[in-house]
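Here are some notes for a first look at this structure. Please keep the sequence and the 3D view open while reading.

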Amino acid sequence: MNNLIFTFIFVPFLAAVLLALNVLLAKHKPDEAKVSAYECGFLAIQGQTRSTFQIHFMIVALLFLIFDLEILLLFPLGVSLYQVSTFGFSIGIIFFIVLTIGFVLEIGSGAIALTNLSSPNIKK
C-alpha cells in the first residue's frame, strides 16, 4: 500500500478513535469558572465590553509567524543541498536575501521596536 494512501486512511481513523476515547473516558464536571464567559479569571466590568489592545502585539506575532515559516522553508533546502546543487543553493540564497531585506525594513520602520510593547502600567 502506498504511504500517502495509508496516511489518508490511517490519520482520520486515528483522529476519530482518539476523539471517541476522549468523549467516553474524560470527566465531565464543569465548574463555575469553566462555564463562565471569561475563562481567564478576570470579571467583566459592567458597561465595558472591550479593552484597549496595542496593535504592536499582533504585529510581532505576525512577524514571528513569517520568520517561523522562513525556517520551515529553509530546512528542506539544508537537508537536500547535495541533490539540488548550485541552482537550488542560489535560489535559497536569493530567498534568504529577500527575507533579510524585509527584516531590515521592518526594523527600520519601527514595527518591532520593543519600546512600543511596554505597558504603561508596568513600572521599570
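**Notes on the model**

1. Start with residues 6-25. This stretch is 100% helix and 0% strand, and its end C-alpha atoms lie 28 Å apart. Helices here are DSSP runs of H or I with at least four residues, strands are runs of E with at least two, and both are numbered from the N terminus.

2. A word on the ground rules. This is a predicted model, in which local features need pLDDT of at least 70 and side-chain atom pairs count only at pLDDT 80 or more, while totals for chains, interfaces and linings use all residues. Residues are numbered from 1 along each chain as its sequence is written, and side-chain values use heavy atoms, with hydrogens and water left out.

3. How confident is the predictor? pLDDT is its confidence in each residue, from 0 to 100. The protein chain has a mean pLDDT of 77, and 72% of its residues reach 70 or more. Among the elements, H1 has the highest mean (90) and helix H2 (residues 32-35) the lowest (67). Where pLDDT is low, the predicted coordinates should not be read in detail.

4. The overall layout is helical. The protein chain has 4 helices and 0 strands. Along the sequence the pattern reads α-α-α-α. Of its 124 residues, 6% count as buried. Buried means under 20% relative accessible area, exposed means over 50%, and partly exposed is in between (1.4 Å probe, protein chains only).

5. The UniProt record is an unreviewed entry. Its annotation "transmembrane region" covers residues 6-25, 55-75 and 87-114. Such annotations may be inferred rather than shown by experiment; positions follow the numbering used here, and feature names are shortened. Over residues 55-75 the model is 100% helix and 0% strand, with the end C-alpha atoms 31 Å apart.

6. Look next at the surface. A nonpolar patch includes Phe6, Phe10, Leu14 and Leu21, and the whole patch has about 990 Å² of accessible area. Patch members have over 30% relative accessible area and no salt bridge; like charges are joined within 9 Å, and nonpolar side chains (Val, Leu, Ile, Met, Phe, Trp, Tyr) within 5 Å. A salt bridge is a side-chain nitrogen of Lys or Arg within 4 Å of a carboxyl oxygen of Asp or Glu. Areas come from the Shrake-Rupley method with a 1.4 Å probe; for residues, only the protein chains shown count as cover. Leu21 sits in helix H1 (residues 3-25) and is partly exposed at 41% relative accessibility.

7. The whole structure holds 1 aromatic pair. Phe6 and Phe10 are stacked, at 5.4 Å centre to centre with 5° between the planes. Rings of Phe, Tyr and Trp (its six-membered ring) pair if their centres lie within 6.5 Å; planes under 30 degrees apart are stacked, over 60 edge-to-face, and the rest tilted. Phe6 and Phe10 are 4 residues apart in helix H1, so about one helical turn separates them. Phe6 is partly exposed at 44%, and Phe10 is partly exposed at 39%.

8. Check Ser85 in helix H4 (residues 81-109). Its phi is near 55°, a positive value in a residue other than glycine. Most residues other than glycine have a negative phi.

Conventions
pLDDT = per-residue confidence, 0-100.
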